[in-house]
Amino acid sequence: MTLSIQAHPSQLPPSPTRRERGDPCTLILTGVTGDLARRKLLGCVYNLHSANLLSDGFALLGVDRLPMDDVSFRELARKAVAACDEVRGFDEEKWRDLEGRLFYAGGDLTQPEVYAHIKQRLDEIEAGRLDSEKNRIFY
């Protein structure tokens, strides 16, 4: 007997029920320039946005060792999402809406001063939000 296994990008089956949008939050994604983020995670965030499942109060703060500003990070993320196997049909208009919610904080997470920088960036990103909208997910 021969066993055949084929790998396919993950796909959500069509939902028979109405989907709710997520709560406002900031996703802090460490190692954001790494393979997992570039090949899977950034594409999944794009897919959630494309399906209108992210709150208008969603933001992503990418953290990594490479020195980079927000504009450079957004370009890196755009290239990663456009090349991602998880993304079916990259849409420039949807990307433009999402990219304004992407931010970057560079630094070595083994150094204590980096955490002050991350806090500063979070304060900037979440300025004007109610405390109840300052949910954070660290990954």
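**Sheet and helices of a predicted model**

Trainee: What is the strand order in the open sheet of four strands?

Mentor: The order is S3-S2-S1-S4, and the pairing is parallel. Strands (E, at least two residues) and helices (H or I, at least four) are DSSP runs, numbered from the N terminus. Two strands pair if DSSP finds at least two bridges between them. This is a predicted model, in which local features need pLDDT of at least 70, side-chain atom pairs count only at pLDDT 80 or more, and totals for chains, interfaces and linings use all residues. Residues are numbered from 1 along each chain as its sequence is written, and side-chain values use heavy atoms, leaving out hydrogens and water.

Trainee: Which strands stand at the edges?

Mentor: Strand S3 (102-106) and strand S4 (135-138) do; each has a single partner strand, so one side of each is left without a neighbour in the sheet.

Trainee: And how are neighbouring strands turned against each other?

Mentor: On average they are turned by 20°, with direction ignored.

Trainee: How many bridges join S1 to S2?

Mentor: Six bridges link S1 with strand S2 (residues 58-64), and the two run parallel. Within S2, Ala 59 is the residue that stands opposite Thr 26.

Trainee: Now the helices. Which strands does H1 touch?

Mentor: H1 packs on the sheet and touches S1 and S2 (contact means heavy atoms within 4.5 Å). The direction of H1 makes about 175° with that of S1. Such angles run from 0 to 180 degrees between N-to-C directions, and axes are lines fitted to C-alpha atoms, for helices over the stretch in contact.

Trainee: Which strands does H2 touch?

Mentor: H2 also packs on the sheet, where it touches S2 and S3. Its direction makes about 115° with that of S3.

Trainee: At what angle do H1 and H2 pack?

Mentor: Helix H1 (residues 35-50) and helix H2 (residues 70-83) pack at about 95°, and their axes are 8 Å apart. H1 and H2 are therefore roughly perpendicular to each other (65 to 115 degrees; under 35 is roughly parallel, over 145 roughly antiparallel, and the rest oblique).

Trainee: Which residues make that contact?

Mentor: H1 brings Arg 38, Leu 42, Gly 43 and Tyr 46, while H2 brings Leu 76, Ala 77, Ala 80 and Val 81.

Trainee: How do they divide by class?

Mentor: The contact of H1 with H2 has six nonpolar residues, one polar and one charged. Ala, Val, Leu, Ile, Met, Phe, Trp, Tyr, Cys and Pro count as nonpolar, Asp, Glu, Lys and Arg as charged, and the others, Gly among them, as polar.
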